[in-house]
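Reader: I'd like to learn how to read a model like this one, feature by feature. Can you walk me through it?

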Amino acid sequence: MIVTLIGEDHFTKEKCIEKFLCDALGDRRDDPLAKQILFATDTNIPSIADAVITACDSVSMFTPEQVVVVRKAEALKADDVKSLAKWLSHGPQCKLLLEFAKLDARGELYKTLSKVGEVQKYDVPKQYKMAEWISAAIPTHFGKAIDRDASQYLADALGTDTKLVSEEIEKVLLFAPDCKKITLELVRTMVVPQREMVSYEINDSFGLRDAKTYTRMLNEMLNNGVSAIQIVSSLYYYAVDLMNFATLLNKGMQAKDAAAAIGKNDFIFNIKGKAPECARRWNKLLLARTINRLAELDYEMKSGLCSTRIAQELALAALVVR
């Protein structure tokens, strides 16, 4: 049984490794002699390939066979990759799991692993699907219900690092082990934003003219190192796209076709970004004035006329808060 895990969804991969060990060892799951965990990053091991081959081929007087797990296998040296590919090509009878963050599908090792065993891929969810992933994972793995708003907060605060999300949920449950449901209030109390934010994330709340969400995100972005100039630039180009999109809609074009005409993905721009609704909430005169004001702000910030944090935040907030 040879299993390969590839991807950066570390939380799901950890669950798969636990299942692999349970299935392979059964009652011997906790027997240290029945398994060997190797890290490809371990500089004390001269050759990870030699260590794997030796562990898989050797027979111990204490156990009929060893289960071998190689963690962080993306760090394997070129010679180790060649040696493993050659050894695996003979189809050895062993219980081996290799865990990669990334593995080139064009390489010899990937091709060999695909032939002699099972390759499973675990990519992290896209940011816009992270809240959905959290809503599904928490009840399954932690046995707790979670509010939709709490899932969205965790996605916004922690990003797509699934292992970090699970660790933060464990922290929340240590604080409130008897809670029947993980609520927005609970996660806000225990979890602080830890991911690097990018300027375009504020576009949706700007387009929807959602003053509460917009001002909150504006404050979080400025607190997390996103510069006001980056936010101005993102909003300017988004507002121009929205103006062009609204013009095409007014000419009778369908939203999907209008998005394609300005070079935007239909799902991200129309469905996720709610561009048709945004176009309805901005009249063309106000949007034109806002685009002009954004151009002025870009000049003022770059020339030092609007250089303080409070002045920049107030100027940006005034675009939506009226």
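Author: Buried means under 20% relative accessible area, exposed over 50%, and partly exposed in between (1.4 Å probe, protein chains only). Helices (H or I, at least four residues) and strands (E, at least two) are DSSP runs, numbered from the N terminus. This is a predicted model, where local features need pLDDT of at least 70, side-chain atom pairs count only at pLDDT 80 or more, and totals for chains, interfaces and linings use all residues. Residues are numbered from 1 along each chain as its sequence is written, and side-chain values use heavy atoms, with hydrogens and water left out.

Reader: Which strands does E1 pair with?

Author: Two strands pair if DSSP finds at least two bridges between them. E1 pairs with E4 in the parallel sense over five bridges, and Val 3 stands opposite Leu 97 there. Four bridges join E1 to strand E5 (residues 118-121), also running parallel; here Leu 5 faces Gln 120.

Reader: Now a helix. Which residues of H3 are buried?

Author: The general idea comes first: an α-helix has 3.6 residues a turn, so residues three or four places apart point the same way. In helix H3 (residues 78-88), the buried ones are Asp 80, Leu 84, Ala 85, Trp 87 and Leu 88. They lie on the same side of H3 because they cover an arc of only 165° around the axis, the arc being that of the directions from the helix axis to the C-beta atoms. On the face turned away from the buried side, you'll find the exposed residues Ala 78, Asp 79, Lys 82 and Lys 86.

Reader: And what covers the buried residues of H3?

Author: The cover includes strand E1 (2-6), helix H2 (48-57), strand E4 (95-100) and helix H4 (108-116). Contact means heavy atoms within 4.5 Å.

Reader: Is Ser 166 buried or exposed?

Author: Ser 166 counts as buried, because its relative accessibility is 7%. Ser 166 sits in helix H7 (residues 162-175) and touches Phe 11 and Phe 142, leaving aside residues up to four places away in sequence.

Reader: How do I read the largest pocket, and what volume does it have?

Author: On a 1 Å grid over the protein atoms alone, a cavity is a set of points where a 1.4 Å probe fits but cannot get out; a pocket is an open set with protein on both sides within 12 Å along at least five of seven lines, and lining residues have an atom within 4 Å of a point. The largest pocket has a volume of about 1500 Å³. Of the 38 residues that line the largest pocket, Gln 152, Asp 156, Glu 201, Asp 204 and Lys 272 are the closest to its centre. H6 gives the largest share of the lining, six residues.

Reader: What about phi angles?

Author: Most residues other than glycine have a negative phi, and most peptide bonds are trans. Arg 209, not a glycine, has a positive phi of about 55°; Arg 209 is in the loop between H9 and H10 and is partly exposed at 29% relative accessibility. Lys 274 also has a positive phi of about 55° without being a glycine. Lys 274 lies in the loop between H13 and helix H14 (275-281) and is partly exposed, with a relative accessible area of 44%.

Note on methods: Grid points are joined across faces, edges and corners, and a volume is the space filled by probe spheres set on the points.
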